[in-house]
Number of protein chains: 2
Amino acid sequence: MDRILTKDCLQKIGAKVLIKGWVNNVRSYGKLAFADIRDRSGLIQVVGGPDLGDLKIESVVEIIGLIRSRDAKYFNDKLITGKIEIEAESINVLEKAAELPFDLHQPDLNLSLPILLDNRALSLRNKKIQDVFKIQATIVEAFRNYLSAQDFTEIFIPTIVAGSTEGGSEVFPVDYFGYQAYLAQSPQLYKQVLTSIFERVFTVAHAYRAEPSVTTRHLTEYVGLDVEMGFINDWLDIVKMADGVVKAIFKAVSEKHQDILDEYGVTIPKTVKDTPVIKLKDALELIYKRTGRDIRNEPDMDPEGEREICRWALEEFGSDLVFITHFYTKKRAWYSYADPKNPDETLTMDLIGCGVEWISGGQRINNYDQLQEKIKSRGQDPADFEIPYGQTFKYGMPPEGGFAIGLERITQNILGLENVRQASLFPRDMERIDNRLSVSGKKIVKIKKDGKVSKTSKK
Amino acid sequence: MDRILTKDCLQKIGAKVLIKGWVNNVRSYGKLAFADIRDRSGLIQVVGGPDLGDLKIESVVEIIGLIRSRDAKYFNDKLITGKIEIEAESINVLEKAAELPFDLHQPDLNLSLPILLDNRALSLRNKKIQDVFKIQATIVEAFRNYLSAQDFTEIFIPTIVAGSTEGGSEVFPVDYFGYQAYLAQSPQLYKQVLTSIFERVFTVAHAYRAEPSVTTRHLTEYVGLDVEMGFINDWLDIVKMADGVVKAIFKAVSEKHQDILDEYGVTIPKTVKDTPVIKLKDALELIYKRTGRDIRNEPDMDPEGEREICRWALEEFGSDLVFITHFYTKKRAWYSYADPKNPDETLTMDLIGCGVEWISGGQRINNYDQLQEKIKSRGQDPADFEIPYGQTFKYGMPPEGGFAIGLERITQNILGLENVRQASLFPRDMERIDNRLSVSGKKIVKIKKDGKVSKTSKK
């Protein structure tokens, strides 16, 4: 007999079927017992005798039985299969589960994040937690579909790099056959290179930041949804593309996962045809005018400023989204394109939504000599960037730019999650690689400047 | 005036248009000159005066001109736009290219692979080289589409891991805030974990092998197309799924890229409805019978054996593909499921095509106690695998298995490329991270066993 998914039982009332899944819960009343069986399509109630009542939660079972309608008074509106049940004829335990350390199938697992992560293989079985990653898969699918339809080519680029992409010391060192290598901080330089090959490219890329901080907003390994496009007419082409991508993601998520949005009690951010765009300088001025808080001389926008600008965008334009543009040159990455009208500002943007950043991007310098000077001005050696980055510009690069969306960040934002770790299947941070490093980590041997070994301890 | 792509000029004969692209080549005859302009859609011929003739190859230009039909005697059958040309009215150089180090636009760049890689940003502009990665994007798209249609969920899993997945020493060490971490050798353990969450999962994952060898078949960083599925009825379900995926990839590539297959002079491998399946032991016996070469006591199939089995499959079944199954337990990964009928053999398979391996997979052990014993028997500590791998099995895991396709490998196989590096945009190997390590690499400080520092040289 072929297995049938629980959701397909609705079309088979009166039939004898084989279902397979996990025991989600059991309610035993002596001779009579009920169990909900879970598979990838949902849950179904099974009715049986003591052998059903004896099943351990999370055991893997196959059950043969008859599908029948429930009495109307026993309908369960919360289940797709709430009007039917299966009368068990035979129960076969494929794998018996151990005793659970906590009650897994509450709608909300009321446990601290460290406990949830210590038990990640188990906590992911909770429906609400699992649903985060269904949304995440849809976000990526919508991202790719939107860009593929606009003639973008998907690229696959390496994460082991010879130098630090964005400057700074927040890189993870890799021992590469005795040579010093690093994990890429972003696919930035490679996606630019490939713009000179395919004009329009996107990539779903892993990126790494060795930030020695444990905040609710940082992962050491994350997934970037990266876009880069050449032959822009105007740098606002980049803003429009980012706007289109994020709206396509919203559309796909709300069409496919309204149930999950309801489960999390959230709504997709309000958007309007023309998402408001405001220069950083004007935004800072506006904040002063609206609130009296004077951050007009600050070099960047602060979190409270982002929230205030979002309030303004919602009041004035009915939009939860707003682009802030023209970030100051001194605060933006070295490859950013300076505004020809005012070289202290760059043709860059952040998309802010509901008070937090969603997307970051801008136009890039595409002239070889300018890039060489820029790299030198940051105290770096252009020779370190020549293959393949410098070469790209030496032999003709069109005006271009792009943007990046942090996958975990956008998942967090859409679902209103408190911590970005909740939006990563197996989050990496300073304190954890699956297990807590303080529990299972092995310290690395270090050499002090005087040549002495500082750590040799291996746990 | 809006830019028009060169391929769209066909529909605009008689119109004045703006094209943008790179100067692919120039033929100058004093007052009269011809240039082919390249954009992401192809090439178009432009006719003009000395200013056109003076353009540097690979410079980025925008040209306004009139589209006109060519005289029939000047038709170029090799170009989609071969029956038209643009009469230049104005030429604007956006970025001037430096002198090229070699003639870039030969159909075949007759240069050694190291030279091509030393100039990767440039060599990728060659059409034939670039086309490899158009095929590659289609392979991944077809892989995802096939699996999404069969209810698989896409997963995003980390590459920084705390231990070596597959055992062995061929891992890259990462300094993770002073703790020892590694780059994942494969997404194997995580995709298994997630089979207990979503039942059917796939991922496009980076994986890393620190093999200290420089062959034509190995990259240190590669992309794996990984699949895992739970609740299999029979382990041959995995074989069928792998067979379906590879045929879907073939279909997509031949429908979309017949021109590239022609350019490379290759045809898609011949397939039949029921791809032949043969046990390793029977395959070794068959080779002995067919050729007299006796490798019946070898623990594994050798490359000449793979070629011979492919000859057999083609002769007997008309198939370029053949599954070899039941590899010996001692030679297969520790998580492989032993055949209940013969524990010396595993329920595993390799898909061999045209004499080389394309896919590898099989059923996995899904019982907690068996796994614990297996890990111990390989001299490892089960505690190192407990979070999240061990937990998965402790709390109920269905019968399951999966397979992996190396993206660069399948690209290489389809196009008949000599070296797998040709199928990677920026290949990493023992000798190169973009630039040659012998030229630009920085050596790492090492400690010898006696505590002395062996290298302090920094180039």
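The axes of helix α8 (residues 280-291) of chain A and helix α9 (residues 303-317) of chain A cross at roughly 80 degrees and come within 10 Å of each other. The two helices α8(A) and α9(A) are therefore roughly perpendicular, a term for angles of 65 to 115 degrees, with under 35 degrees counting as roughly parallel, over 145 as roughly antiparallel and the rest as oblique. The model is predicted: local features need pLDDT of at least 70, side-chain atom pairs count only at pLDDT 80 or more, and totals for chains, interfaces and linings use all residues. Residues are numbered from 1 along each chain as its sequence is written, while chains are lettered from A and ligands numbered from 1 in the order in which they are written.

**Helix pair in chain A**
- Axes are lines fitted to C-alpha atoms, for helices over the stretch in contact, and angles run from 0 to 180 degrees between N-to-C directions.
- Helices (H or I, at least four residues) and strands (E, at least two) are DSSP runs, numbered from the N terminus.
- On α8(A), the contact is made by A:A283, A:L286, A:I287, A:R290 and A:T291; α9(A) contributes A:G305, A:E308, A:I309 and A:W312.
- Residues are in contact if their C-beta atoms, placed from the backbone, lie within 7 Å.
- This contact has five nonpolar, two polar and two charged residues (Ala, Val, Leu, Ile, Met, Phe, Trp, Tyr, Cys and Pro count as nonpolar, Asp, Glu, Lys and Arg as charged, and the others, Gly among them, as polar).

**Contact between the chains**
- Chain B gives 89 residues to the contact and chain A gives 88 residues.
- On the side of chain B that touches chain A, 49 residues are nonpolar, 19 polar and 21 charged.

**Strands in chain B**
- Strands β14 (residues 338-339) and β15 (residues 342-346) of chain B pair in the antiparallel sense over two bridges; two strands pair if DSSP finds at least two bridges between them.
- β14(B) and β15(B) form a hairpin with two residues between them, and B:A338 has B:T346 as its bridge partner in β15(B).
- An open sheet of three strands in chain B has the order β19-β20-β21, with antiparallel pairing.
- β19 (428-429) and β21 (435-436) of chain B are at the edges with a single partner strand each, so one side of each lacks a neighbour in the sheet.
- Strand β20 (residues 432-433) of chain B pairs with β21(B) over two bridges, and B:R432 stands opposite B:R436.

**B:G361**
- B:G361 lies in strand β17 (residues 356-364) of chain B.
- B:G361 is buried, with 25 other C-beta atoms within 10 Å (buried means 20 or more, exposed 12 or fewer, and partly exposed in between, with C-beta atoms placed from the backbone).
- Leaving aside neighbours within four places in sequence, the contacts of B:G361 include B:I238, B:A242, B:T348 and B:F403.

Note on methods: Two residues are in contact if their C-beta atoms, placed from the backbone, lie within 7 Å.
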